[in-house]
Amino acid sequence: MDKRNAALTALVVDDSRTMREMVSAMLEAQGIGHVEQAEDGVSAFRAIDGLEKPVDLLFCDLAMPGVDGVETLRGLAARNIEAGVVLLSGVDPKLIKTVADMAEQLGLRVLGSISKPFREDQIAEVVAQYHRIVAPKRGRPALTITAQELEAAIDDNRIEVFYQPKIRVSDSQVAGVEALVRMRHPAYGLIQPSAFIDIAEETSKRITRLTLAVLQKAIAQAGEWRRAGLELGLAVNVSTQSLRRLDLPDMVEDMASKAGVDHTSITMEVTESQVMGTAEILHILSRFRLRNFKLSIDDFGTGHSSLARLRRLPFTELKIDRSFVDGAADDPDLQSILTSSIELGKRLRMTVVAEGVERWADWRLLERLGCDQIQGYIASLPLAAADIPGFVRRWTERAA
Ligand code: C2E
Ligand code: MG
Ligand code: MG
(Lines give C-alpha, C1' and ligand atoms only; values in the text may rest on other atoms or scores of the structure.)
(Ligands and ions follow the chains in the order given, each with its own letter.)
Protein backbone atom coordinates (compact mmCIF):
# COMPACT_ATOMS: atom_id res chain seq x y z
CA MET A 1 0.00 0.00 0.00
CA ASP A 2 1.21 3.46 -0.91
CA LYS A 3 1.71 5.61 2.15
CA ARG A 4 0.90 8.78 0.17
CA ASN A 5 -2.69 7.50 0.00
CA ALA A 6 -3.37 8.65 3.55
CA ALA A 7 -3.25 12.26 2.38
CA LEU A 8 -5.85 11.75 -0.36
CA THR A 9 -9.53 12.57 -0.40
CA ALA A 10 -11.86 10.56 -2.62
CA LEU A 11 -15.49 11.12 -3.56
CA VAL A 12 -17.64 8.26 -4.82
CA VAL A 13 -20.75 9.25 -6.77
CA ASP A 14 -23.15 6.43 -7.55
CA ASP A 15 -26.90 6.13 -7.13
CA SER A 16 -26.58 2.57 -5.92
CA ARG A 17 -25.76 2.46 -2.27
CA THR A 18 -24.26 -1.01 -2.57
CA MET A 19 -21.87 0.13 -5.28
CA ARG A 20 -20.92 3.27 -3.36
CA GLU A 21 -20.18 1.32 -0.23
CA MET A 22 -18.23 -1.30 -2.12
CA VAL A 23 -15.97 1.20 -3.88
CA SER A 24 -15.57 3.19 -0.67
CA ALA A 25 -14.55 0.09 1.25
CA MET A 26 -11.98 -0.77 -1.41
CA LEU A 27 -10.60 2.76 -1.28
CA GLU A 28 -10.37 2.55 2.47
CA ALA A 29 -8.55 -0.75 2.10
CA GLN A 30 -6.03 1.18 -0.03
CA GLY A 31 -5.45 3.53 2.87
CA ILE A 32 -7.16 6.57 1.30
CA GLY A 33 -7.37 9.09 4.13
CA HIS A 34 -10.86 10.44 3.52
CA VAL A 35 -13.67 8.89 1.48
CA GLU A 36 -16.95 10.74 0.87
CA GLN A 37 -20.03 9.41 -0.84
CA ALA A 38 -22.75 11.10 -2.87
CA GLU A 39 -25.83 9.56 -4.40
CA ASP A 40 -26.19 11.96 -7.31
CA GLY A 41 -24.68 14.98 -9.03
CA VAL A 42 -26.33 17.55 -6.82
CA SER A 43 -25.11 15.97 -3.62
CA ALA A 44 -21.67 15.55 -5.21
CA PHE A 45 -21.49 19.33 -5.78
CA ARG A 46 -22.63 19.91 -2.22
CA ALA A 47 -20.04 17.47 -0.88
CA ILE A 48 -17.25 19.14 -2.86
CA ASP A 49 -18.21 22.62 -1.76
CA GLY A 50 -18.27 21.47 1.84
CA LEU A 51 -15.00 19.58 1.92
CA GLU A 52 -12.05 20.97 3.79
CA LYS A 53 -9.53 19.84 1.18
CA PRO A 54 -9.98 19.55 -2.57
CA VAL A 55 -11.01 16.16 -3.88
CA ASP A 56 -8.11 14.16 -5.31
CA LEU A 57 -9.95 11.20 -6.73
CA LEU A 58 -13.45 11.23 -8.08
CA PHE A 59 -15.29 8.03 -8.89
CA CYS A 60 -18.39 8.77 -10.91
CA ASP A 61 -21.14 6.50 -12.16
CA LEU A 62 -22.43 7.39 -15.60
CA ALA A 63 -25.93 5.99 -15.47
CA MET A 64 -27.70 7.77 -12.65
CA PRO A 65 -31.27 9.07 -12.49
CA GLY A 66 -31.69 12.87 -12.26
CA VAL A 67 -28.41 14.68 -12.86
CA ASP A 68 -26.61 11.90 -14.75
CA GLY A 69 -22.89 11.22 -14.92
CA VAL A 70 -22.30 13.40 -17.95
CA GLU A 71 -24.00 16.41 -16.40
CA THR A 72 -22.21 15.75 -13.15
CA LEU A 73 -18.86 15.86 -14.94
CA ARG A 74 -19.79 19.15 -16.58
CA GLY A 75 -20.70 20.61 -13.23
CA LEU A 76 -17.41 19.43 -11.78
CA ALA A 77 -15.41 20.85 -14.66
CA ALA A 78 -17.13 24.18 -14.08
CA ARG A 79 -15.85 24.06 -10.50
CA ASN A 80 -12.31 23.70 -11.78
CA ILE A 81 -11.68 20.64 -9.71
CA GLU A 82 -8.29 19.15 -10.35
CA ALA A 83 -9.14 15.63 -9.25
CA GLY A 84 -8.31 12.52 -11.20
CA VAL A 85 -11.61 11.16 -12.50
CA VAL A 86 -12.49 7.49 -12.71
CA LEU A 87 -15.64 6.54 -14.58
CA LEU A 88 -17.67 3.79 -13.00
CA SER A 89 -19.94 1.97 -15.28
CA GLY A 90 -21.52 -1.13 -16.52
CA VAL A 91 -22.37 0.56 -19.82
CA ASP A 92 -21.01 0.07 -23.31
CA PRO A 93 -17.21 0.64 -23.47
CA LYS A 94 -17.69 2.87 -26.55
CA LEU A 95 -19.93 5.19 -24.61
CA ILE A 96 -17.37 5.31 -21.82
CA LYS A 97 -14.73 6.33 -24.32
CA THR A 98 -16.93 9.14 -25.66
CA VAL A 99 -17.62 10.39 -22.17
CA ALA A 100 -13.92 10.20 -21.27
CA ASP A 101 -13.08 12.32 -24.33
CA MET A 102 -15.71 14.84 -23.39
CA ALA A 103 -14.41 15.00 -19.83
CA GLU A 104 -10.84 15.61 -21.04
CA GLN A 105 -12.08 18.38 -23.28
CA LEU A 106 -13.73 19.97 -20.30
CA GLY A 107 -10.33 19.97 -18.63
CA LEU A 108 -10.86 17.04 -16.28
CA ARG A 109 -8.13 14.44 -15.94
CA VAL A 110 -9.56 11.03 -16.63
CA LEU A 111 -7.56 8.22 -15.10
CA GLY A 112 -9.65 5.48 -16.66
CA SER A 113 -12.85 3.62 -16.28
CA ILE A 114 -13.64 0.53 -14.36
CA SER A 115 -16.64 -1.62 -14.89
CA LYS A 116 -18.87 -3.48 -12.55
CA PRO A 117 -18.20 -5.77 -10.76
CA PHE A 118 -15.32 -3.75 -9.34
CA ARG A 119 -12.18 -5.46 -8.13
CA GLU A 120 -9.69 -4.34 -5.55
CA ASP A 121 -6.76 -4.50 -8.00
CA GLN A 122 -8.54 -2.15 -10.43
CA ILE A 123 -8.97 0.37 -7.65
CA ALA A 124 -5.32 0.03 -6.64
CA GLU A 125 -4.29 0.60 -10.25
CA VAL A 126 -6.24 3.85 -10.69
CA VAL A 127 -4.90 5.16 -7.40
CA ALA A 128 -1.34 4.38 -8.58
CA GLN A 129 -2.24 6.13 -11.83
CA TYR A 130 -3.24 9.18 -9.81
CA HIS A 131 0.18 9.34 -8.19
CA ARG A 132 1.90 8.97 -11.56
CA ILE A 133 -0.16 11.40 -13.60
CA VAL A 134 -2.25 13.81 -11.61
CA ALA A 135 -0.27 14.44 -8.42
CA PRO A 136 2.87 15.86 -10.08
CA LYS A 137 0.78 18.21 -12.24
CA ARG A 138 -1.04 19.52 -9.22
CA GLY A 139 2.19 20.98 -8.07
CA ARG A 140 2.08 18.79 -5.04
CA PRO A 141 5.38 17.56 -3.87
CA ALA A 142 5.88 13.96 -4.86
CA LEU A 143 7.66 13.82 -1.57
CA THR A 144 5.81 13.72 1.70
CA ILE A 145 7.63 14.45 4.86
CA THR A 146 6.96 12.19 7.82
CA ALA A 147 6.28 13.43 11.32
CA GLN A 148 9.66 12.06 12.41
CA GLU A 149 11.52 13.89 9.64
CA LEU A 150 9.79 17.13 10.57
CA GLU A 151 10.46 16.71 14.28
CA ALA A 152 14.10 15.98 13.51
CA ALA A 153 14.33 19.12 11.37
CA ILE A 154 12.98 21.21 14.25
CA ASP A 155 15.37 19.53 16.72
CA ASP A 156 18.38 20.04 14.44
CA ASN A 157 17.57 23.64 13.56
CA ARG A 158 16.90 22.84 9.91
CA ILE A 159 13.76 25.00 9.77
CA GLU A 160 14.47 27.98 7.51
CA VAL A 161 12.50 31.10 6.84
CA PHE A 162 12.08 32.81 3.47
CA TYR A 163 10.66 36.28 3.09
CA GLN A 164 8.30 37.58 0.43
CA PRO A 165 8.02 41.36 0.00
CA LYS A 166 4.67 43.12 0.36
CA ILE A 167 4.40 46.31 -1.71
CA ARG A 168 2.39 49.36 -0.72
CA VAL A 169 0.31 50.42 -3.72
CA SER A 170 0.13 54.16 -2.95
CA ASP A 171 3.89 54.84 -3.20
CA SER A 172 5.20 51.50 -4.52
CA GLN A 173 7.49 51.09 -1.52
CA VAL A 174 8.26 47.81 0.25
CA ALA A 175 5.90 47.82 3.23
CA GLY A 176 7.17 44.63 4.76
CA VAL A 177 7.75 40.95 4.26
CA GLU A 178 5.85 37.75 4.97
CA ALA A 179 7.84 34.99 6.64
CA LEU A 180 7.31 31.64 4.89
CA VAL A 181 8.65 28.46 6.39
CA ARG A 182 10.90 25.98 4.56
CA MET A 183 12.56 22.84 5.78
CA ARG A 184 16.11 21.77 4.93
CA HIS A 185 16.12 18.02 4.26
CA PRO A 186 19.45 16.19 4.53
CA ALA A 187 18.91 14.37 1.23
CA TYR A 188 16.33 16.41 -0.70
CA GLY A 189 17.37 19.98 0.06
CA LEU A 190 14.89 22.78 0.57
CA ILE A 191 11.31 21.59 1.06
CA GLN A 192 8.20 23.76 0.57
CA PRO A 193 5.57 23.99 3.31
CA SER A 194 2.89 22.18 1.30
CA ALA A 195 4.92 19.01 1.91
CA PHE A 196 4.82 19.27 5.69
CA ILE A 197 2.27 21.79 7.03
CA ASP A 198 -0.51 19.19 7.16
CA ILE A 199 1.75 16.87 9.10
CA ALA A 200 2.79 19.69 11.38
CA GLU A 201 -0.87 20.45 12.07
CA GLU A 202 -1.68 16.89 13.04
CA THR A 203 -0.91 17.73 16.62
CA SER A 204 -1.14 21.06 18.32
CA LYS A 205 2.22 20.45 19.99
CA ARG A 206 4.04 19.90 16.69
CA ILE A 207 2.58 22.93 14.88
CA THR A 208 3.30 25.05 17.94
CA ARG A 209 6.96 23.99 17.92
CA LEU A 210 7.16 24.87 14.23
CA THR A 211 5.40 28.22 14.74
CA LEU A 212 7.76 29.12 17.59
CA ALA A 213 10.81 28.18 15.51
CA VAL A 214 9.61 30.44 12.68
CA LEU A 215 8.66 33.31 15.01
CA GLN A 216 12.01 33.11 16.74
CA LYS A 217 14.00 33.30 13.51
CA ALA A 218 11.84 35.86 11.76
CA ILE A 219 11.65 38.27 14.69
CA ALA A 220 15.41 38.05 15.29
CA GLN A 221 15.91 38.71 11.56
CA ALA A 222 13.60 41.75 11.62
CA GLY A 223 15.71 43.07 14.52
CA GLU A 224 18.89 42.66 12.49
CA TRP A 225 17.40 44.46 9.49
CA ARG A 226 16.25 47.23 11.76
CA ARG A 227 19.74 47.72 13.19
CA ALA A 228 21.04 47.85 9.62
CA GLY A 229 18.60 50.69 8.92
CA LEU A 230 15.95 48.63 7.17
CA GLU A 231 12.49 49.12 8.72
CA LEU A 232 10.25 46.37 7.42
CA GLY A 233 6.91 45.14 8.66
CA LEU A 234 6.97 41.43 9.43
CA ALA A 235 4.08 39.03 8.89
CA VAL A 236 4.17 35.52 10.31
CA ASN A 237 1.66 32.74 9.65
CA VAL A 238 0.06 31.20 12.69
CA SER A 239 -2.41 28.41 12.23
CA THR A 240 -5.32 28.23 14.62
CA GLN A 241 -3.95 24.85 15.69
CA SER A 242 -1.01 26.60 17.28
CA LEU A 243 -3.24 29.15 18.98
CA ARG A 244 -3.88 26.79 21.84
CA ARG A 245 -1.21 28.10 24.12
CA LEU A 246 -2.51 30.95 26.19
CA ASP A 247 1.02 32.19 26.78
CA LEU A 248 1.81 32.58 23.05
CA PRO A 249 1.33 36.38 23.11
CA ASP A 250 3.74 36.62 26.06
CA MET A 251 6.31 34.53 24.26
CA VAL A 252 6.09 36.64 21.11
CA GLU A 253 6.26 39.81 23.17
CA ASP A 254 9.40 38.51 24.79
CA MET A 255 10.99 37.67 21.42
CA ALA A 256 10.10 41.11 20.08
CA SER A 257 11.58 43.01 22.99
CA LYS A 258 14.78 40.95 22.90
CA ALA A 259 15.14 41.69 19.18
CA GLY A 260 14.23 45.34 19.62
CA VAL A 261 11.27 45.09 17.25
CA ASP A 262 8.16 47.18 17.77
CA HIS A 263 4.92 45.22 18.23
CA THR A 264 3.07 47.38 15.76
CA SER A 265 5.38 46.18 13.00
CA ILE A 266 4.51 42.50 13.55
CA THR A 267 1.42 40.97 11.94
CA MET A 268 0.04 37.54 12.75
CA GLU A 269 -1.54 36.04 9.64
CA VAL A 270 -4.12 33.65 10.91
CA THR A 271 -4.69 30.62 8.76
CA GLU A 272 -7.63 28.48 9.55
CA SER A 273 -7.23 24.78 10.08
CA GLN A 274 -9.87 22.57 11.59
CA VAL A 275 -10.84 24.71 14.53
CA MET A 276 -13.31 27.53 14.14
CA GLY A 277 -13.12 30.56 16.44
CA THR A 278 -13.28 28.84 19.78
CA ALA A 279 -13.25 30.89 22.98
CA GLU A 280 -9.62 29.97 23.48
CA ILE A 281 -8.54 31.32 20.09
CA LEU A 282 -10.59 34.48 20.54
CA HIS A 283 -8.90 34.99 23.85
CA ILE A 284 -5.38 34.58 22.44
CA LEU A 285 -6.04 36.76 19.41
CA SER A 286 -7.51 39.49 21.60
CA ARG A 287 -4.40 39.38 23.75
CA PHE A 288 -2.23 39.86 20.67
CA ARG A 289 -4.32 42.88 19.73
CA LEU A 290 -4.14 44.32 23.25
CA ARG A 291 -0.38 44.26 22.94
CA ASN A 292 -0.59 46.11 19.63
CA PHE A 293 0.38 43.25 17.36
CA LYS A 294 -1.55 43.32 14.08
CA LEU A 295 -3.83 40.50 12.98
CA SER A 296 -4.49 39.49 9.40
CA ILE A 297 -7.17 37.15 8.10
CA ASP A 298 -5.24 35.09 5.55
CA ASP A 299 -6.70 33.47 2.43
CA PHE A 300 -9.83 35.57 2.78
CA GLY A 301 -12.68 34.34 0.63
CA THR A 302 -11.85 30.65 0.80
CA GLY A 303 -14.02 28.28 2.79
CA HIS A 304 -11.56 28.53 5.63
CA SER A 305 -11.64 32.26 6.17
CA SER A 306 -15.15 33.55 6.16
CA LEU A 307 -17.34 36.46 7.06
CA ALA A 308 -18.23 34.76 10.31
CA ARG A 309 -14.61 34.95 11.43
CA LEU A 310 -14.32 38.52 10.30
CA ARG A 311 -17.17 39.55 12.56
CA ARG A 312 -15.92 37.75 15.63
CA LEU A 313 -12.21 38.45 15.57
CA PRO A 314 -10.30 41.71 15.91
CA PHE A 315 -8.51 41.66 12.54
CA THR A 316 -6.59 44.68 11.27
CA GLU A 317 -5.77 43.31 7.83
CA LEU A 318 -7.70 41.40 5.21
CA LYS A 319 -5.64 39.31 2.85
CA ILE A 320 -7.50 38.27 -0.27
CA ASP A 321 -6.76 34.74 -1.41
CA ARG A 322 -4.84 34.47 -4.64
CA SER A 323 -7.58 32.45 -6.31
CA PHE A 324 -9.58 35.71 -6.56
CA VAL A 325 -6.61 37.78 -7.67
CA ASP A 326 -4.82 36.01 -10.47
CA GLY A 327 -6.43 36.82 -13.80
CA ALA A 328 -9.04 39.17 -12.30
CA ALA A 329 -8.31 41.82 -14.94
CA ASP A 330 -9.83 39.53 -17.57
CA ASP A 331 -12.62 38.05 -15.50
CA PRO A 332 -15.72 40.09 -14.61
CA ASP A 333 -16.77 37.66 -11.86
CA LEU A 334 -13.42 37.87 -10.11
CA GLN A 335 -13.58 41.63 -10.47
CA SER A 336 -16.90 41.73 -8.66
CA ILE A 337 -15.50 39.59 -5.86
CA LEU A 338 -12.42 41.80 -5.57
CA THR A 339 -14.44 45.00 -5.65
CA SER A 340 -16.68 43.93 -2.81
CA SER A 341 -13.90 42.34 -0.73
CA ILE A 342 -11.80 45.48 -0.93
CA GLU A 343 -14.76 47.68 -0.09
CA LEU A 344 -15.66 45.41 2.81
CA GLY A 345 -12.14 45.56 4.20
CA LYS A 346 -12.03 49.34 3.90
CA ARG A 347 -15.39 49.81 5.57
CA LEU A 348 -14.16 47.69 8.44
CA ARG A 349 -11.06 49.94 8.58
CA MET A 350 -8.69 47.16 7.65
CA THR A 351 -5.59 47.19 5.50
CA VAL A 352 -6.43 45.21 2.35
CA VAL A 353 -3.72 43.04 0.80
CA ALA A 354 -3.97 41.01 -2.40
CA GLU A 355 -1.76 37.94 -2.59
CA GLY A 356 -0.62 36.03 -5.66
CA VAL A 357 -0.34 39.00 -8.04
CA GLU A 358 1.46 37.72 -11.13
CA ARG A 359 0.42 40.17 -13.84
CA TRP A 360 0.55 43.91 -14.33
CA ALA A 361 -3.03 44.04 -15.53
CA ASP A 362 -4.15 42.61 -12.20
CA TRP A 363 -1.92 45.05 -10.31
CA ARG A 364 -3.47 48.02 -12.17
CA LEU A 365 -6.94 46.70 -11.44
CA LEU A 366 -6.13 46.34 -7.73
CA GLU A 367 -4.74 49.85 -7.68
CA ARG A 368 -7.92 51.17 -9.28
CA LEU A 369 -10.04 49.31 -6.75
CA GLY A 370 -8.12 50.84 -3.85
CA CYS A 371 -6.25 47.79 -2.59
CA ASP A 372 -3.56 48.88 -0.08
CA GLN A 373 -0.82 46.32 -0.62
CA ILE A 374 0.09 43.64 -3.10
CA GLN A 375 2.21 40.55 -2.76
CA GLY A 376 3.13 38.15 -5.52
CA TYR A 377 5.62 36.89 -8.03
CA ILE A 378 5.25 40.10 -9.99
CA ALA A 379 7.26 41.86 -7.30
CA SER A 380 9.29 38.95 -5.99
CA LEU A 381 9.38 35.29 -5.12
CA PRO A 382 9.99 34.49 -1.45
CA LEU A 383 13.69 35.23 -0.84
CA ALA A 384 16.36 34.11 1.58
CA ALA A 385 16.96 36.70 4.31
CA ALA A 386 20.30 37.68 2.81
CA ASP A 387 18.63 38.70 -0.47
CA ILE A 388 16.09 41.06 1.08
CA PRO A 389 18.27 44.19 1.49
CA GLY A 390 19.37 43.99 -2.17
CA PHE A 391 15.80 43.54 -3.31
CA VAL A 392 14.61 46.53 -1.30
CA ARG A 393 17.42 48.69 -2.73
CA ARG A 394 16.73 47.74 -6.35
CA TRP A 395 12.97 48.03 -5.93
CA THR A 396 13.22 51.45 -4.30
CA GLU A 397 15.52 52.73 -7.06
CA ARG A 398 13.14 51.48 -9.69
CA ALA A 399 10.08 52.94 -8.02
CA ALA A 400 11.71 56.35 -7.66
P1 C2E B 1 0.07 31.82 2.50
O2 C2E B 1 0.29 32.32 3.88
O3 C2E B 1 -1.19 32.22 1.81
O4 C2E B 1 1.35 32.25 1.69
C5 C2E B 1 1.37 32.62 0.36
C6 C2E B 1 1.85 31.49 -0.51
O7 C2E B 1 1.66 31.89 -1.86
C8 C2E B 1 3.35 31.20 -0.38
O9 C2E B 1 3.55 29.82 -0.62
C10 C2E B 1 3.92 32.01 -1.52
O11 C2E B 1 5.17 31.52 -1.98
C12 C2E B 1 2.86 31.81 -2.57
N13 C2E B 1 2.87 32.89 -3.55
C14 C2E B 1 3.26 34.15 -3.36
N15 C2E B 1 3.12 34.88 -4.48
C16 C2E B 1 2.61 34.07 -5.42
C17 C2E B 1 2.23 34.25 -6.78
O18 C2E B 1 2.33 35.31 -7.37
N19 C2E B 1 1.74 33.15 -7.43
C20 C2E B 1 1.60 31.96 -6.82
N21 C2E B 1 1.12 30.95 -7.53
N22 C2E B 1 1.94 31.75 -5.52
C23 C2E B 1 2.43 32.80 -4.82
P24 C2E B 1 4.36 28.90 0.35
O25 C2E B 1 5.56 29.59 0.87
O26 C2E B 1 4.53 27.58 -0.34
O27 C2E B 1 3.37 28.73 1.58
C28 C2E B 1 2.16 28.06 1.42
C29 C2E B 1 1.32 28.15 2.66
O30 C2E B 1 1.93 27.45 3.74
C31 C2E B 1 1.14 29.58 3.18
O32 C2E B 1 0.14 30.21 2.45
C33 C2E B 1 0.76 29.32 4.62
O34 C2E B 1 -0.61 28.99 4.72
C35 C2E B 1 1.56 28.08 4.95
N36 C2E B 1 2.76 28.50 5.71
C37 C2E B 1 3.92 29.01 5.26
N38 C2E B 1 4.76 29.28 6.28
C39 C2E B 1 4.09 28.95 7.41
C40 C2E B 1 4.40 29.00 8.81
O41 C2E B 1 5.47 29.44 9.25
N42 C2E B 1 3.44 28.55 9.68
C43 C2E B 1 2.24 28.09 9.25
N44 C2E B 1 1.36 27.67 10.15
N45 C2E B 1 1.91 28.03 7.96
C46 C2E B 1 2.82 28.46 7.04
MG1 MG C 1 0.12 34.01 4.83
MG1 MG D 1 -2.67 33.41 1.90
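Colleague: Which residue in β3 is the bridge partner of Leu 11?
Modeller: Leu 58 is the bridge partner of Leu 11. Bear in mind that this is a predicted model.

Colleague: Which strands do the pairing there, and over how many bridges?
Modeller: β1, residues 9-13, pairs with β3, residues 57-61. The two run in the parallel sense, with 4 bridges between them.

Colleague: What packs on β3?
Modeller: Helix α3 does, residues 69-78. It touches β3 and also β4, which covers 84-89. The direction of α3 makes about 150° with that of β3.

Colleague: And which strands does α2 lie across?
Modeller: Helix α2, residues 41-50, lies across β1, β2 and β3. It runs at about 165° to β1.

Colleague: OK, the whole sheet now. What is the strand order?
Modeller: The order is β2-β1-β3-β4-β5. That makes an open sheet of 5 strands, with parallel pairing.

Colleague: Why do β2 and β5 each have one side without a neighbour in the sheet?
Modeller: Both stand at the edges, β2 at 34-38 and β5 at 109-115. Each has a single partner strand, so one side is left without a neighbour.

Colleague: What does the twist average from one strand to the next?
Modeller: The average is 20°.

Colleague: Switching topic. Where do the domains fall?
Modeller: The domain assignment puts domain 1 at 3-137 and domain 2 at 147-399. Their centres, taken over C-alpha atoms, are 35 Å apart.

Colleague: Which lining residues are closest to its centre?
Modeller: Gly 233, Thr 267, Lys 294, Glu 317 and Gln 373. They belong to a lining of 16 residues.

Colleague: Which strands each supply at least two residues of that lining?
Modeller: β6 (159-168), β7 (174-185) and β9 (233-239).

Colleague: How many of the lining residues are nonpolar, polar and charged?
Modeller: The lining of this second largest pocket has 8 polar, 4 nonpolar and 4 charged residues.

Notes: Residues numbered from 1 in each chain as written. Chains lettered and ligands numbered in written order. Predicted model: local features only at pLDDT ≥ 70, side-chain atom pairs only at ≥ 80, totals over all residues. Heavy atoms only, no water. Pairing = 2+ DSSP bridges. Axes fitted to C-alpha atoms, helices over the stretch in contact; angles between N-to-C directions. Contact = heavy atoms within 4.5 Å. Domains from an automatic or database assignment. 1 Å grid on protein atoms, 1.4 Å probe; cavity = no way out; pocket = protein on both sides within 12 Å on 5 of 7 lines; lining within 4 Å. Nonpolar A, V, L, I, M, F, W, Y, C, P; charged D, E, K, R; others polar.
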